[in-house]
Amino acid sequence: MSETWRNRLLLAVALGLAAVYLFPLYWMVVTSLKSGSAMFATPPSFWPSEPQWQTYAYVWQSRDVGRYLWNSLVIALGAVALVTLLGTGCAYVLARYRNVWIDIGLFLILMLQVLPASLMVTPIFVGFSQFGLLATPRLAVILAIAAKAMPFFVVLVRSTFMSVPAELEEAGLVDGNSRLGAFLFIVLPLARNGILVSAILIFMQAFGEFVYSKSMIQAAELQPASVGLNSFMGPNTNEWNNIMAFAAMYVGPILALFVLLQRRIVSGLTSGALK
Amino acid sequence: MTAQIELTEVNKHYGAYHALKNINLSIAKGSFVALVGPSGCGKSTLLRSLAGLEKITAGRLTIAGDEMTSVPPRKRDIAMVFQSYALYPHMTVEENLVYPLRMRGVSKTEARARAQDVAGFTGLSGLLTRYPRQLSGGQRQRVAMGRAVIRSPKAFLFDEPLSNLDAALRVSMRKEIRALHDRLGATSVYVTHDQIEAMTMADHVVVMKDGVIEQQGAPLTLYDRPENRFVAGFIGSPAMNFVAAHGIDSASIALDLPGRPQIAVSRHGEAPLKAGQAVVAGLRPEHLRIVEGEGAGQTGIGRFTLPVRLIESTGSLTYLSLGETGEIALVEHGREQLRPGDRLTLSIDPALVHLFDPQTGRRV
């Protein structure tokens, strides 16, 4: 088989897989635009004959989607801010020093990554209620998500810092910086891309977080969109178009963010952010 | 001459590893000092200790008379050129140049004027708005130099700055660095593993090995009178030939070569040789003379004959490898009509024979 034919075949396979992968997304949007009867028609139509755009306005109003999205945003931004602030310093130290204690620390951090949220939620819940943190449930969720996302962030950003040559920092010291100054003015700008990419990945993760939010936030007006979407669905739900409209409004912003920053994210993850 | 940098009994340990052993070194104001030695000899550690990037574990360091032993780098008022140049990749050439000034509170306008000035004499004038990644190796080297000279530090430290350049550029940058040093009247400490760089650039060469200073002095002193076998072999290119020998009387030795040839040696105040004393004779390749015409082919007093193994000619110089295994090197000006297997008769000026103790390696 010639080179071109193999490339075409691989392209076809790739497109097929992408179609399979993206089909649920397509089905979400199509369903949200269908009317009640079109939704349950057999065979199902793959394109709504009469798009019901008013579904979106109706769901936005009746389910208070704006409030849910706002809560998701607060939680995601809070978690990202906390992780970035604490994780950057931690990753830097782990990148610059080499000894047994650092290796042990790194191992423990990776171990934290292994524990699933559904396992951690009970001890965290008990601990937080002892500290009275459940009185501010969104803060509690921010803390829990930050703890969960921290290892991932530290490991990614550590490798970014390791790609910044130590000689640059030493040059900074000789040129008149303090240790902190060299970190802030030389190392940090060079690691910016890696930190940004890791922060965006954590933002998207936190924006969709469900387990901690569901178990710690009882008040509906403080719940994020993931929990709001879940409470929309009961055992006898049949308003799938409304649910899909909610879902579309929920994933829309994340999807847009990813598409906009896609190139940057990929290059930041693969190149180590320097040059 | 006053000492600009003074090291007294400096030691550096990395855990159990003893990297610098009792270093005593005085660097005169305005001098160009080269630290030279094989890799792992401690020369870079010593330089980094001067900069404050390494903490010395014992001993004392003063710069311009001020105690600097445990002062952080930014307060030492020294400038350093790194092997990788360490240019800040996120800054333009101009920003790189003014950075040390801005860090010391020099105003933006004054710093920019100084940058223009430095760019002028380092040949960077048209490149100020470029980023380091847009420059060639030689240009990056100049930026690194410019960043060092833009303020007038108490000393310049160079850490193998030319090792990433190609051979031709290295030779021209060598001259430029030395010219810059003279122009600024600065004190420079230059680390290199290349003895030619050290010999050609420095006023004072410090040869190190295993964390110890083996010998220091003017470049030609090191060449003419190496204190031990290591320095003798390290300084000079191609490297000195070492031949086992033993004393015949106070002024001649027998070389451990076929025919046991005897050559005269002259003594300059060293202890007289004893008959039968084992020594190692050091014969520089460029000091061996080929005897032609009368007396050629004879081995005897002052002469020895060796077969030719390999002939390498660069046009101006001819490198010969002599002896059964080609162990004796010889350099001749001009060209030789020779073939492998030819036998050559050699002689050497008694004043140019170096003798070392076979055990301690010290000059005898």
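What share of the contacts in chain B with a separation of 6 or more is accounted for by residues 24 or more positions apart? In this predicted model, such residues account for 64% of those contacts.

## Chain B as a whole

Chain B contains eight helices and 20 strands, and its C-alpha trace spans about 75 × 45 × 35 Å along the principal axes. Of its 364 residues, 39% count as buried.

The chain is divided into domain 1, which runs over residues 3-234, and domain 2, which runs over residues 241-356. The centres of these two domains of chain B, taken over C-alpha atoms, are separated by 39 Å, and the contact between them takes four residues from domain 1 and five residues from domain 2. On the side of domain 1 of chain B that touches domain 2 of chain B, there are two nonpolar residues, one polar residue and one charged residue.

Strand E11 (residues 241-249) and strand E12 (residues 252-255) of chain B pair in the antiparallel sense over four bridges, and they form a hairpin with two residues between them. Within this pair, B:Gly247 has B:Ile253 of E12(B) as its bridge partner.

E12(B) also pairs with strand E13 (residues 262-264) of chain B, again in the antiparallel sense, this time over three bridges. Here the bridge partner of B:Ser252 is B:Ala264, which lies in E13(B). The hairpin of E12(B) and E13(B) has six residues between the strands, and in this hairpin B:Gly259 takes a positive phi near 85 degrees.

Further along chain B, an open sheet of five strands has the order E15-E19-E16-E17-E18, with antiparallel pairing. Which strands form its edges? They are strand E15 (289-290) and strand E18 (328-333) of chain B, each of which pairs on one side only. E15(B) is joined to strand E19 (residues 343-347) of chain B by two bridges in the antiparallel sense, and B:Arg289 stands opposite B:Ser347 in E19(B).

## Chain A and its helices

The domain assignment of chain A gives domain 1 (1-52) and domain 2 (64-271), and the centres of these domains, taken over C-alpha atoms, are 32 Å apart. Eight residues of domain 1 of chain A are in contact with six residues of domain 2 of chain A. On the domain 1 side of this contact, helix H1 (3-32) and helix H2 (36-39) of chain A each supply at least two residues, and H1(A) gives the largest share, four residues. By class, this side of domain 1 of chain A divides into three nonpolar, four polar and one charged.

The UniProt record, an unreviewed entry, places the annotation "transmembrane region" on several stretches of chain A, among them residues 68-94 and 140-161. Residues 68-94 of chain A are 100% helix and 0% strand, and their end C-alpha atoms are 37 Å apart; residues 140-161 of chain A are likewise 100% helix and 0% strand, and their end C-alpha atoms lie 30 Å apart.

Helix H5 of chain A covers residues 100-114 and reaches 21 Å from its first C-alpha to its last, close to the 21 Å expected at 1.5 Å a residue.

## Where the two chains touch

The two chains meet through 18 residues of chain B and 16 residues of chain A. On the chain B side, the elements that give two or more residues are strand E6 (78-81) and helix H2 (93-103) of chain B. The residues on that side of chain B divide into 13 nonpolar, two polar and three charged.

Definitions and conventions
Residues numbered from 1 in each chain as written. Chains lettered and ligands numbered in written order. Predicted model: local features only at pLDDT ≥ 70, side-chain atom pairs only at ≥ 80, totals over all residues. Contact = placed C-beta atoms within 7 Å. Nonpolar A, V, L, I, M, F, W, Y, C, P; charged D, E, K, R; others polar. Domains from an automatic or database assignment. Expected span 1.5 Å × (residues − 1). Buried ≥ 20, exposed ≤ 12 C-beta atoms within 10 Å, placed from the backbone. Pairing = 2+ DSSP bridges. UniProt positions renumbered as here; feature names shortened; annotations may be inferred.
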